[in-house]
Amino acid sequence: MPLTSADKLEIMELASRYNWAIDHRRAEEFADLFTDDGKFEAYGQTRAEGRAQLIAYIQKAAAAGHKSRHWICNAVIEEGKENAGNTARLRLYVMAIDISEGIRPYIMGDYDDTLVKVDNKWKFKLRSVRLCAGKSWTEGGLAKAAEAQK
């Protein structure tokens, strides 16, 4: 069964909730957006896999004091190749802005996500971001925040 308009709206809501959770350092809410074995991958490296690591990832950002806002646009939502109607691919542009001291964009990239429907709710199975311009979060905002704590 093809993706419905309701599916596509729920998928966009999932992407927005991700931004709110990561920007406001809501670790449990962040992990809830992924499947139990969900993975966050950045620049070809696994940053967190599974609920416990996803929570720890956000807690690390909160402890460093880094403040950010993520903007997404140009969504392309396609039905997944397997398990029709219950899998999807989401591609987006993302820009992350460091708001720790003013407004400083530090990432421009692409998301290429694999989504699955679990208990009738869309979740990230894989959230993958590729850098197009700027410094990575760990080299940019997080490193700066960690240095300021010393």
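Student: What should the 19 residues of helix H1 span, and how far apart are its end C-alpha atoms?
Tutor: In this predicted model, helix H1 covers residues 5-23. At 1.5 Å a residue, H1 should span 27 Å, and its end C-alpha atoms are 27 Å apart, so the two values agree.

Student: Which residues of H1 are buried?
Tutor: The buried residues of H1 include Ile11, Leu14, Ala15, Tyr18 and Ile22. Asp7, Asn19, Ala21 and Asp23 are also buried.

Student: Let us turn to another helix. Where is lysine 60?
Tutor: Lysine 60 lies in helix H3, which covers residues 51-64.

Student: Is lysine 60 buried or exposed, and why?
Tutor: Lysine 60 counts as exposed because its relative accessible area is 53%, and the cut-off for exposed is over 50%.

Student: How far is lysine 60 from alanine 27 in sequence and in space?
Tutor: In sequence, lysine 60 and alanine 27 are 33 residues apart. In space, their C-alpha atoms are 9.7 Å apart.

Student: Now the whole chain. How many helices and strands does the chain have?
Tutor: The chain has four helices and six strands. Their order from the N terminus is α-α-β-β-α-β-β-β-β-α.

Student: And what share of the chain is buried?
Tutor: Buried residues make up 42% of the 150 in the chain. The accessible surface of the chain is about 8300 Å², and carbon and sulfur atoms account for 51% of that surface.

Conventions:
Residues numbered from 1 in each chain as written. Predicted model: local features only at pLDDT ≥ 70, side-chain atom pairs only at ≥ 80, totals over all residues. Heavy atoms only, no water. Helix = DSSP H or I, 4+ residues; strand = E, 2+ residues; numbered from the N terminus. Buried < 20%, exposed > 50% of the residue type's maximum accessible area, 1.4 Å probe, protein only. Areas by Shrake-Rupley, 256 points an atom, 1.4 Å probe, with all protein chains shown as cover. Expected span 1.5 Å × (residues − 1).
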